[in-house]
Amino acid sequence: MDSETFEMFRSTVRRFVEERLIPAEDTVEETDAIPAEIVAQIRDMGLFGLSVPEEYGGLGCTMSEEAAIIRELTRASVSFRSLIGTTVGIGSQGIVMDGTEEQKREWLPKFAAGDAIASFALTEPEAGSDAGSLRTTAVREGDNYRINGTKRYITNAPRASVFTLMARTELDVKGSAGISAFILPAHTPGISLGKPDKKMGQKGAVTCDVILDDVVLPASAIIGGVPGRGFKTAMKVLDRGRIHIAAVALGMCERLIEMSLRYAMERKQFGQRIADFQMVQAMLADCKVDMLTTEALMQNVAAKFDAGQSVALECSALKLHASEAVGRVADRAVQIHGGAGYMADYKVERFYRDVRLLRIYEGTSQIQQTIIAKAMARQAEAAN
């Protein structure tokens, strides 16, 4: 988009957040569901197609543009973002990056229109951070694969029209080299769903197990048509996803700071606003610093990503910093609100619970630290 068009779109999203999403947060929390009319509005705005190229009916946003829109969206409950998150990100981007032209033309227009929701099925009961050890198998039988296994904590699984599924096709190859990525339509026989997960936070965002019992898929369902490349596809997708999660964290930081500053300026103790107390000022200042450093790093990494630079280390650093920073901001927000911060009416405790997941999915903080340190060691070895 040209800058003027993009700013108009961004303003529209911000107004939608203020007028429709924030007022609906309590309903989502109470019902654990997003109202159908809001789902329809999100679809009509084209938000499902943020990252889908224009030639396939999407908005074709750059990573920098996508991050800016996600930042606006997550000033409201993060559950609204979760509705589109897997389609915009890890559920569709494997097809965008590595899919055949036939696969792109079949699925990307449906994603862009919001007619199909994509989900990403990688995590298993015994494979999360160690994705290379996944046990779901896809055994070749002529022109088909027979798939068996269980996937866990799969976001949007009950809503999904299609899964980007990671399964082991090369059973004699250990680690990540034997993994392939499949496009798995959700109506395929042999798929069943576990009961909805009861989570600490993020009400309205749905996750559950996906059980695969003798699911048969044609070999043409492998993304890109070449087996054994699924892990590489997943890692490329996750690099982009980590920038996206940083934008989620940034939007939540902004909302938490708004709520905390407003409360501190209205709440009085000892005859004055608590915003006039230096220790409260220190917490507010630290929140602002965490937000600004996240913003600066995110914009830098997203720009490099858009320029085609290799930014795997930077993506991990960004995701680590952003998710840890928003956790600190949420904790301070509860502290600034005092007793009110522990009460549901003020929404701060809700954000406190919601942000906790950001340090876990798309790679835990500890995994990000490992990725960063190993990359640093490789760079040092290459320099010598």
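The legends below describe several close-up views of one predicted model. Local features are given where pLDDT is at least 70 and side-chain atom pairs where pLDDT is 80 or more, while totals for chains, interfaces and linings use all residues. Residues are numbered from 1 along each chain as its sequence is written, and side-chain values use heavy atoms, with hydrogens and water left out.

**View 1. The largest nonpolar core, with 62 residues.** A nonpolar core is a set of buried Ala, Val, Leu, Ile, Met, Phe, Trp, Tyr and Cys residues joined through side-chain atoms within 4.5 Å, where buried means under 20% relative accessible area, exposed over 50% and partly exposed in between (1.4 Å probe, protein chains only). Leu-47, Leu-50, Ile-84 and Leu-256 have the most contacts inside this core. The elements that give two or more residues to it include helix 1 (3–31), helix 4 (78–88) and helix 7 (230–266), and helix 7 gives the most, with 12 residues. Helices (H or I, at least four residues) and strands (E, at least two) are DSSP runs, numbered from the N terminus.

**View 2. The surroundings of Leu-47.** Leaving aside residues up to four places away in sequence, Leu-47 touches Phe-9, Val-13, Ile-42, Ile-69, Leu-73, Ile-84 and Val-88, a contact being heavy atoms within 4.5 Å. A second, separate core has 25 residues, among them Phe-111, Ala-112, Ala-116 and Ala-127.

**View 3. Strand 3 (residues 144–155) and its pairing with strand 2 (residues 137–141).** These two strands pair in the antiparallel sense over 5 bridges, pairing being assigned if DSSP finds at least two bridges between two strands. Val-139 stands opposite Arg-146 in strand 3, and in the hairpin, which has 2 residues between the strands, Gly-142 takes a positive phi near 65 degrees. Strand 3 also pairs with strand 7 (residues 207–218), again in the antiparallel sense, over 9 bridges, and here Thr-155 stands opposite Thr-207.

**View 4. Strand 5 (residues 179–185), largely enclosed by the rest of the structure.** Because 7 of the 7 residues of strand 5 are buried, the strand is largely enclosed. In a regular strand the side chains alternate between the two faces of the sheet. In strand 5 both faces are covered, with Ile-179, Ala-181, Ile-183 and Pro-185 buried on one side and Ser-180, Phe-182 and Leu-184 buried on the other. Strand 4 (residues 162–168) runs antiparallel to strand 5 and is joined to it by 7 bridges, with Arg-168 opposite Ile-179.
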